[in-house]
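This report covers salt bridges and helix packing. Read it alongside the sequence and the model.

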Amino acid sequence: MEEQIEFRHWDELIPDALGLIFSNLSLQEILTVIPSVCKSWRKAVTGPYCWQEVDIEEWSSRCQPHHLDRMLRMLITRSSGSLRKLCVSGLHNDSIFSFITENAGSLQTLRVRRSEMSDSVVERTAGRLSTITFLDLSYCGKIGAQALEAIGRHCKLLVTLCRNMHPLDAAGKLLQDDEANAIATTMPRLKRLEMAYHLISTGSVMNILASCPQLELLDLRGYWDVKLDSQLMKEKFPKLKVLGPFVMDYYEMDDWDDDCSDYSDNSEYLAWEFEMGDYDDYDIYDGMWHDDEGRFEELELRFYEGNGEEAGILGWPQSP
């Protein structure tokens, strides 16, 4: 008697389960391969199930500005208001930051390092970020105390703020305590504060410590002018871990070195070309993916819907 082979109907899984499974795949695979398998999988990746957490930080550090804007608008639109976490690098204008805040009703983690939004747009939109608990504004050179004050007034759930800067940003400048004062005045619930390589006085640091009693970690690396009494710190803040002020070995530049923004019009930084339409009506992704070693990997897509005429036109093999 022939053994009966039991086939699992993966296409019958509920979208939530599929979204959880697909979250283990790369962004490339989710957007270019999965939609071509079957209708139910396509529905899962065009709906909110895969986009409650969006991390495109690595990809965004290498892409061109207009490609980044289109990608963010597509993925955030797909999330349908369920976006809980967004990690991206290098926002190039105020409009895309404003778009993010318009869809931040469920957002808890926002990481927008090396971005170029202004104080004015942050002040105008901070009220939409009331659910944020984690915020990373490191290396954002166009914002300052005004933006931080607006965030502190509106983001009452914020417990982690990352506002690290590059050492070169501090070279030859005078003390600037306004950001520290804004944090001390408006963010009393902070538990973790990273402000490496800021030009802040000892008095401003003590003001933060006095105003943020729940602090568990304070990053003061590169605070060359800050003098803290170690015995006093142990007595008054026994649960607080302080990094710095002096850097004992070297500045960890791994993340900064990844910021390869010297792209040109002839560069192929976009992982693929896609038709935007209404952000979910596209079947074909042309182009190449850029891998970590600088080579391009060609994708072969097989379509499991229709009669395969589109694949034939593009020179791809027919679906099996």
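A salt bridge is a side-chain nitrogen of Lys or Arg within 4 Å of a carboxyl oxygen of Asp or Glu. The model is predicted: local features need pLDDT of at least 70, side-chain atom pairs count only at pLDDT 80 or more, and totals for chains, interfaces and linings use all residues. Residues are numbered from 1 along each chain as its sequence is written, and side-chain values use heavy atoms, without hydrogens and water.

**Salt bridges**

The structure holds 10 salt bridges. Three of them are tabulated here.

| Pair | N to O distance |
|---|---|
| Glu57 and Arg113 | 3.4 Å |
| Arg192 and Glu194 | 2.8 Å |
| Asp219 and Arg221 | 2.8 Å |

Glu57 and Arg113 are both buried (under 20% relative accessible area; exposed is over 50%, partly exposed in between; 1.4 Å probe, protein chains only). Glu57, Arg111, Arg113 and Asp136 form a network of salt bridges. Arg192 is partly exposed at 34% relative accessible area. Glu194, at 13%, is buried. Asp219 is buried too, at 2%.

**Helix packing**

Helices here are DSSP runs (H or I, at least four residues), numbered from the N terminus. Axes are lines fitted to C-alpha atoms over the stretch in contact, and angles run from 0 to 180 degrees between N-to-C directions. Contact means heavy atoms within 4.5 Å.

Helix α8 (residues 145–154) and helix α10 (residues 178–186) cross at roughly 10°, their axes coming within 8 Å. The two are therefore roughly parallel (angles under 35 degrees). On α8, the contact uses Ala145, Leu148, Glu149, Gly152 and Arg153. On α10, Asp178, Glu179, Ala182, Ile183 and Thr186 take part.

Key. Parallel < 35°, antiparallel > 145°, perpendicular 65-115°, else oblique.
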